[in-house]
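Here is a short briefing on one protein model. Please keep the sequence and the coordinates open while reading.

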Amino acid sequence: MLIVNKFDLYKHWQIAQDDPNKQTWMNLKFMEMVNFKRTDMLSLKVEVFDYSPDTAALIANAVAEYADTVKNRFSKRIAAEALTILKEEYDRTLAYMKKIEDSMQVLRGKGVLDYNLQVEAYTKSLGKALAGNNGSGVSKIEERMKALEQFGGPYLSLTNEFILQKERQVFIKEKLDEAYLNANRSLPSNIVVQKATPSDKKAKPIRWLIVFVSTLSAFFLS
């Protein structure tokens, strides 16, 4: 519709505006007059036929110009939807990480700070206490080790889960930043290799001539 409105093609191609099937006629006429071909270089060639060579060239150049506009419009719409989904997922991941941190903080209150380091430290301290016949020291260390045994497993599981969620959060953040840029910037999606110029001769035969020649051919064949 951008091209149709810009060049008032209903009037230019003599399609009645009050015709209830005007959209159908316009689509058929547009497909007849505007051709798109894929070249060997993977570029797109736009050919426009019109009663006026100058108008044909203007329409071809406008098609190339609006193609970029339309593509950016759809790309931004998709990017905006992706941005919304990623933002929700990012917020959900952060909320889950906050719950894990709160649970870990509760376990820290039970004396679990770093499971692996504490196991190593308590084991060494217990060996020294036993070697020195330090009964009270052995009792304190065993008490701490019981707490570590009780709460260390859940703490270790939460730690591993937090690490996984942190990696997920970093990954989603990268995608979120990318989606934000795609939704808020406009980059040219096509490069015009050669602009259209008016043809110096008719590119299509006249319709009455086609009918006339076809009729003569049928006559001679008969």
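Met33 is buried, with a relative accessible area of 5%; buried means under 20% relative accessible area, exposed over 50%, and partly exposed in between (1.4 Å probe, protein chains only). This is a predicted model: local features need pLDDT of at least 70, side-chain atom pairs count only at pLDDT 80 or more, and totals for chains, interfaces and linings use all residues. Residues are numbered from 1 along each chain as its sequence is written, and side-chain values use heavy atoms, with hydrogens and water left out.

**Met33 and Val48**

- Met33 belongs to helix H3; helices (H or I, at least four residues) and strands (E, at least two) are DSSP runs, numbered from the N terminus.
- Beyond neighbours within four places in sequence, Met33 is in contact with Trp13, Glu47, Val48, Phe49 and Asp50. Contact means heavy atoms within 4.5 Å.
- Met33 and Val48 are 15 residues apart along the chain, and 5.6 Å separates their C-alpha atoms.
- With neighbours within four places in sequence again set aside, Val48 is in contact with Met33, Val34, Ala56, Ile59 and Ala60.

**Nonpolar cores**

- A nonpolar core is a set of buried Ala, Val, Leu, Ile, Met, Phe, Trp, Tyr and Cys residues joined through side-chain atoms within 4.5 Å.
- The largest one has 18 residues, and those touching the most other members are Ile3, Phe7, Leu9, Trp13, Met26, Val48 and Ile59.
- At least two residues of this core come from each of helix H1 (2–6), helix H2 (9–12), helix H3 (22–33) and helix H4 (53–109).
- H4 supplies the largest share of this core, six residues.
- Another core lies apart from it, with nine residues, among them Val112, Leu148, Phe151 and Phe162.
- In soluble globular proteins, nonpolar side chains tend to be buried together.

**A buried glutamine**

- Gln165 sits in helix H6 (residues 135–184).
- Is Gln165 buried or exposed? Gln165 is buried, at a relative accessible area of 12%.
- Leaving aside neighbours within four places in sequence, Gln165 is in contact with Thr93, Tyr96, Met97 and Ile100.

**Positive phi**

- Asp8 is not a glycine, yet has a positive phi of about 50°. Asp8 is in the loop between H1 and H2, and is partly exposed, with a relative accessible area of 37%.
- Gln14 is not a glycine either, and has a positive phi of about 60°. Gln14 is in the loop between H2 and H3, and is exposed, with a relative accessible area of 74%.

**Charges over rings**

- A charge sits over a ring if NZ of Lys or CZ of Arg is within 6 Å of the ring centre and within 35 degrees of the ring normal.
- The charged end of Lys6 is placed over the ring of Phe7, 5.7 Å from its centre.
- Over the ring of Tyr10 sits the charged end of Lys22, 5.5 Å from the ring centre.

**Whole chain**

- The protein chain has seven helices and two strands. Along the sequence, the pattern is α-α-α-β-β-α-α-α-α.
- Of the 222 residues in the protein chain, 23% are buried.
- Among contacts between residues at least 6 apart in sequence, 63% join residues at least 24 apart.
- The protein chain has an accessible surface of about 16,400 Å², of which 59% belongs to carbon and sulfur atoms. Accessible areas come from the Shrake-Rupley method with a 1.4 Å probe; for residues, only the protein chains shown count as cover.
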